[in-house]
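Please find below a short briefing on the structure shown here.

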Amino acid sequence: MVLSSQNTIAGEATAEKTLLVVDGHSLAFRAYFALPAENFTTSSGFATNAVWGFANMLTRVILDNKPTHVAVAFDVKGGTFRNELLPQYKGTRDAAPEDLLPQIPVIQDMLRALGVTYIEKPGFEGDDVIGTLASMGERSGFRTLVLSGDRDAFQLIDDSITVLYPGHHFKDLRHMTPQSVVDKYKVTPQQYPDLAALRGETADNIPGVPGVGDGFAAKWLNLYGSLDGIIEHAEEIKGKKGEALRENIEQVKLNRRVNALVRDLDLGVDIGELVLSPPNITALDNLFTKLEFGPRTKSRVLKAFPDGFEDESLKAATDDTVEDDFEDPLVDVLDGSTDVESSVRAWVDEHIATGADRQDADPFWVLHAEGTTRYGVSTLKSLTLLAPDNHAVVLEGDWPSLVSDVVAALAAAHADGLAMHGYKEQSHLLSAAGIEVPLPWFDTQLAGYLVESDFHPDSLDAAAEHFLDLHVEEEETSSQGELSLDLDDDSDDGDATAAKIPAHHAACVAALVRHLRPMTLDRKQDDIMRRIELPVSRVLAGMESVGAAVDEGRLIGMRDRFATEARDAQEQAWQAAGRRINLQSPKQLQAVLFDDMQLRGTRKTKTGGYTTDAAALQEMVVRNVGNERATTFLVALLRHRETNKLKQIVQSLLDEVNHDDGRIHTTFEQTVAATGRLSSAAPNLQNIPNRNAAGREIRSAFVPGEGFVSLLSCDYSQVELRIMAHCSGDESLIEAFRSGADFHRYVASLVYEVPMDEITGDQRSHVKAMSYGLAYGLSTYGLAQQLKISPAEADVLKEKYFATFGKVHDYLEGLVAEAKDKGYTETMFGRRRYFPGLRSTNRRVRDAAERGALNAPIQGSAADIMKLAMIKADAELREHNMRSRIILQIHDELVLEVAPGESEQVTVLIRDAMEHAVDLDVPLDVSTGIGDDWQLAAH
DNA sequence: ACGGCTACGTA
DNA sequence: CGTACGTAGCCGTA
């Protein structure tokens with residue numbers, strides 16, 4: 001029932017006074033789910049995403065709507081009269097994430113600091129407070145805005161009350177007026193609660209009439225005027241839905257009582273007290289410092305409040321902190337009409353002289369190139385030099401190539417103070433202008449990766465946004481907006497204004513240096529940067545630029561052959577299925593397998609259906625011998641899957657061939673894999689098939705290029721196990737490696753306590769799977785599944801294994817324990833990976849984090865060792881003036897292109913570099929092979 | 001157009 | 001219910 005029907009007094013004349021009423025809980029919920037908690041967590045692990053989102057949303061609404069009065073309503077702990085009516089009411093909200101609730105008091109602290117009144121009324125909900133406030137506003141002649149993500153608020157809407165309702169994106173607010181309610185729901189705001197009672201509200205755990213949504217509810221309301229009208233005529237409503245209505249009529253009546261907002265509470269405040277007043281800056285400062293919000297957040301929030309920037313001392317203080325983090329550079333315009341080289345040289349000299357003015361502990365220059373690289377070909381668009389005194393020059397057009405000497409001289413003179421973002425890509429871009437850059441003193445991309453390896457920004461902008469509190473997408477657009485405004489402002493100065501974007505980016509790099517350098521030192525990642533990442537960057541730049549030669553004709557031949565075979569398999573599958581379904585659609589496959597053919601499914605996918613993956617199909621083949629139609633279909637489908645996949649891989653290679661040099665230039669991503677491994681993209685050359693003959697064939701298309709005679713492939717045997725042996729100090733495992741025997745057979749002989757020559761094939765393969773599973777945190781269940789043995793048998797194997805290699809067991813447990821203690825894992829060389837998930841209360845999350853923490857130091861140490869080997873190998877190839885070169889890395893394998901006459905020497909050299917990259921308690925074993933193509937180089 | 005999901009290739 | 005990746009296609013949502 002409607003508890004009060006207000007007379008509207010609001011009129012045009014009084015509309016200048018505006019009251020903003022905020023539903024505190026709903027806004028906090030929306031903010032929480034709109035922003036990723038992991039990006040908004042203090043160093044002590046307190047989530048701040050809801051606070052941050054709340055602050056920004058409130059600020060935005062205030063700036064956009066300029067209310068004179070503001071109040072925020074909150075729910076109070078403990079039930080309300082609604083729970084008495086409907087015990088399960090808002091039951092689902094108890095499942096609120098545990099890190100949201102503690103943010104509510106913080107939001108209230110913030111509101112107090114901002115001078116915004118917030119109101120709680122025990123026994124009632126925020127919604128009732130909102131209803132009451134809205135009525136108070138209306139009676140006093142205010143225009144009233146209700147900011148709420150709860151649709152119950154729609155019943156308040158009239159000519160003077162508007163609801164601001166967040167859309168799909170938290171940022172977009174819809175202004176809900178009487179008209180927009182009618183447009184969306186086909187009922188008036190007064191009828192809305194009737195509609196909601198019929199439909200129910202999932203978010204509040206309120207069931208409606210089954211099968212009745214907004215559409216039917218609106219139709220009935222328009223027929224009978226109101227819920228009371230519908231109830232009177234309930235018997236007339238036909239069909240299933242009418243029946244459902246009659247069955248649930250009591251529920252609906254109850255719903256209607258629950259969703260009616262109370263609008264006449266005694267809140268003990270006068271509307272005059274809600275006037276927006278100046279914030280308490282000190283309190284806000286303290287709070288924001290505690291929350292680790294940056295100066296930009298603070299200044300943005302303050303802008304929305306009266307006197308936020310009136311106080312000059314405050315203004316200076318705020319600007320100072322902002323400037324300290326970030327400041328767009330002063331772009332000096334050089335006269336390009338005369339001798340560019342000498343004017344750049346003069347500029348550099350001048351700013352070297354003034355560089356010492358800056359109070360940085362380490363004055364540094366930023367070199368920042370922009371451009372593109374594709375198919376191994378780079379195009380340089382601009383080159384920016386940013387001096388320590390924050391003056392910049394931006395060189396565009398043909399200028400960069402004219403100043404290569406200057407840049408080289410600058411780089412050489414300031415190698416100990418040269419910063420850039422992503423040396424590898426920078427070096428590609430600059431080499432397009434003939435500029436050879438030395439390794440920088442600091443690389444902000446690598447630093448960001450070392451400091452937080454789980455976060456990989458895909459651009460400089462994204463890195464700046466993440467690390468410099470330039471939170472969320474709006475920041476980028478606003479700074480871009482400022483730039484484009486500037487473009488309009490001074491039109492006499494085209495070069496300088498266009499130059500502002502690259503100059504701004506260079507300044508981002510400088511700000512990133514200031515932010516990340518202390519973090520890098522604090523987290524002791526400086527050595528990894530200097531000794532591993534920067535040097536390997538240079539090796540990778542060379543590998544990418546050289547590329548891998550392919551026999552394109554052979555690739556085309558394979559592609560066509562695989563395509564024919566896939567079509568053939570498809571035809572067969574269609575025959576058996578009796579219809580031409582899309583074999584690449586799991587949904588259509590499910591229909592054929594589990595509906596048409598009535599086959600029994602195996603495992604489920606996370607979306608509920610039965611999986612159609614290869615393992616499941618294989619199992620179904622075994623289970624359905626005799627069912628000829630099913631067998632034919634399954635076998636054809638498996639063959640289609642395999643050949644079509646191979647076709648796809650070959651096609652992806654063909655798509656990336658550079659037709660000028662006949663080579664494929666992959667990109668080795670150095671800052672993607674959280675463990676420290678490389679990854680390879682466009683195309684991925686680290687997943688070229690190798691496990692069966694048909695796929696391995698693809699490797700034969702990788703050949704030596706012109707001027708080279710063969711490919712050399714060198715790979716580590718069982719590096720990860722050797723790392724475990726070394727790190728655990730397990731004498732038995734160390735001895736297994738020192739003995740030089742067939743490793744898995746040797747281990748099996750220890751585990752099963754029988755002589756090596758009596759080990760069966762099964763025993764060897766079971767032990768081998770166990771050994772490899774160790775580093776993944778393999779469960780007995782998983783082991784059983786993989787070996788197709790019972791979990792009990794798997795458990796026995798595991799027990800025996802750990803009885804034999806006790807220290808390995810202790811070591812693995814120790815890794816997880818240490819990670820739980822410190823919050824991160826470390827490789828043998830100190831590379832860190834943080835694991836916040838270890839503290840999760842969710843078991844699945846925590847178990848996954850534990851497996852990650854077990855694996856990261858092992859996989860990561862192997863990655864470190866390979867990187868060190870690459871650096872050593874590359875240095876020695878140069879030292880010996882050899883033309884042979886590394887072209888690929890596949891985690892534990894290096895592929896080299898061998899120059900004439902160098903075969904023996906390069907094999908020895910690479911083997912040595914890999915075997916002696918580091919000194920462990922076990923030997924590092926490298927196997928090598930050489931041949932006319934990659935497949936033939938296998939060993 | 002975009003993102004989630006499924007599937008599958010590698011170490 | 002084993003780690004780390006990249007790519008392709010489908011399919012529901014924008």
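In this predicted model, Val366 has Ala419 of β13 as its bridge partner. Strands β10 (residues 365-374) and β13 (residues 418-420) pair in the parallel sense, over 2 bridges.

- The open sheet has 6 strands in the order β9-β12-β11-β10-β13-β14, and its pairing is mixed.
- Because β9 (330-331) and β14 (442-443) stand at the edges with a single partner strand each, one side of each is left without a neighbour in the sheet.
- Helix α18 (residues 423-431) packs on this sheet and touches β10, β11 (377-386), β13 and β14. The direction of α18 makes about 75 degrees with that of β10.

**Residues around DNA strand C**

- Of the 31 residues around DNA strand C, those that come nearest are Asn582, Ser585, Lys587, Ser779 and Gln786.
- By class, this surface has 17 polar, 8 nonpolar and 6 charged residues.
- Helix α37 (843-879) supplies the largest share of the surface, 4 residues.
- Elements that each supply at least two residues include α26 (586-596), α28 (628-654), β19 (679-681) and α34 (780-787).

- Sugar or phosphate accounts for 76% of the atoms of DNA strand C within 4 Å of the protein, and bases account for the rest.
- An N or O atom in the side chain of Ser585 is 2.3 Å from a phosphate oxygen of DNA strand C.
- For Ser779, a polar side-chain atom lies 2.6 Å from a phosphate oxygen of DNA strand C.
- Gln859 places a polar side-chain atom 3.0 Å from a sugar or linking oxygen of DNA strand C.

How values were computed:
Residues numbered from 1 in each chain as written. Chains lettered and ligands numbered in written order. Predicted model: local features only at pLDDT ≥ 70, side-chain atom pairs only at ≥ 80, totals over all residues. Heavy atoms only, no water. Pairing = 2+ DSSP bridges. Contact = heavy atoms within 4.5 Å. Axes fitted to C-alpha atoms, helices over the stretch in contact; angles between N-to-C directions. Near = heavy atom within 4 Å. Polar contact = N/O pair within 3.5 Å; in protein donor to acceptor, adjacent residues only side chain to side chain. Nonpolar A, V, L, I, M, F, W, Y, C, P; charged D, E, K, R; others polar.
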